[in-house]
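Student: Hi, could we go through this structure together, step by step? I have the sequence and the picture open.

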Amino acid sequence: MAQRKIQQDIDKCFKKVAEGIQAFESIYEKIQQSTNQSQKEKQEDNLKREIKKLQRQRDQIKTWAAGNEIKDKKPLMEQRKAIENVCEEYR
C-alpha cells in the first residue's frame, strides 16, 4: 500500500516537473523576444519563481532516490537531470 502511494506521488511530481519545464521554456522565450526592459524584468521574476519550483521538485526527487523504497531509480535520475539542465540554461 505504501509503495503504491509513493509511486502516485512520484507520478504527480513527474507531471509537475514536465509542466514546470514547459512553463520555464515559454517564459525564457518571452524574455528573449522582449524589448521592453520593465517587461523583461517581470518575466525574469517569473522565471526565477519557476526555477524555485523546479528546485523544490528536484529536492523531492533526490529524497526519493536516496531512500530504499524505490527499486528503479533511473526515471528519478532522468527527471533530476532534466531539471538541472533547465536551470543551467538560465545561467
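Student: At what angle do helix 1 and helix 3 pack?
Tutor: Bearing in mind that this is a predicted model, helix 1, which covers residues 2-33, and helix 3, which covers residues 74-90, pack at an angle of about 20 degrees, and their axes are 11 Å apart. Since angles under 35 degrees count as roughly parallel, helix 1 is therefore roughly parallel to helix 3.

Student: And which hand does the crossing of helix 1 and helix 3 have, left or right?
Tutor: The crossing of these two helices, helix 1 and helix 3, is left-handed.

Student: Which residues meet there, between helix 1 and helix 3?
Tutor: From helix 1 come Ile-10, Phe-14, Val-17, Ile-21, Phe-24 and Tyr-28, and they meet Pro-75, Leu-76, Gln-79, Ala-82, Ile-83, Val-86, Glu-89 and Tyr-90 of helix 3. Sorted by class, this contact of helix 1 with helix 3 has 12 nonpolar residues, 1 polar residue and 1 charged residue.

Student: OK, new topic: how many residues does the largest nonpolar core have?
Tutor: The largest nonpolar core has 20 residues, and those with the most contacts inside it are Ile-10, Ile-61, Trp-64 and Leu-76. Helix 1, helix 2 (37-66) and helix 3 each supply at least two residues of this core, and helix 1 gives the most, with 9 residues. As general background, nonpolar side chains tend to be buried together in soluble globular proteins.

Student: What is Ile-10 in contact with, leaving aside its neighbours within four places in sequence?
Tutor: With those neighbours left aside, Ile-10 is in contact with Trp-64, Ile-70 and Leu-76.

Student: Now Arg-58, is that one buried or exposed?
Tutor: Arg-58, which lies in helix 2, has a relative accessible area of 17%, and because buried means under 20%, Arg-58 counts as buried. Not counting residues up to four places away in sequence, Arg-58 touches Arg-80, Ile-83 and Glu-84.

Student: And what about Gln-43, buried or exposed?
Tutor: Gln-43 also lies in helix 2, and with a relative accessible area of 13% Gln-43 is buried. Apart from residues up to four places away in sequence, Gln-43 touches Ile-27, Lys-30 and Ile-31.

Student: Last one: where is Gln-8, and how far is Gln-8 from Ser-26 in space?
Tutor: Gln-8 is in helix 1, and at 44% relative accessibility Gln-8 counts as partly exposed. Gln-8 and Ser-26 are 18 residues apart in sequence, while in space they are 27 Å apart, taken from C-alpha to C-alpha.

Notes: Residues numbered from 1 in each chain as written. Predicted model: local features only at pLDDT ≥ 70, side-chain atom pairs only at ≥ 80, totals over all residues. Heavy atoms only, no water. Axes fitted to C-alpha atoms, helices over the stretch in contact; angles between N-to-C directions. Helix = DSSP H or I, 4+ residues; strand = E, 2+ residues; numbered from the N terminus. Parallel < 35°, antiparallel > 145°, perpendicular 65-115°, else oblique. Left-handed = near helix turned anticlockwise from the far one by under 90°. Contact = heavy atoms within 4.5 Å. Nonpolar A, V, L, I, M, F, W, Y, C, P; charged D, E, K, R; others polar. Core = buried A, V, L, I, M, F, W, Y, C linked by side-chain atoms within 4.5 Å. Buried < 20%, exposed > 50% of the residue type's maximum accessible area, 1.4 Å probe, protein only.
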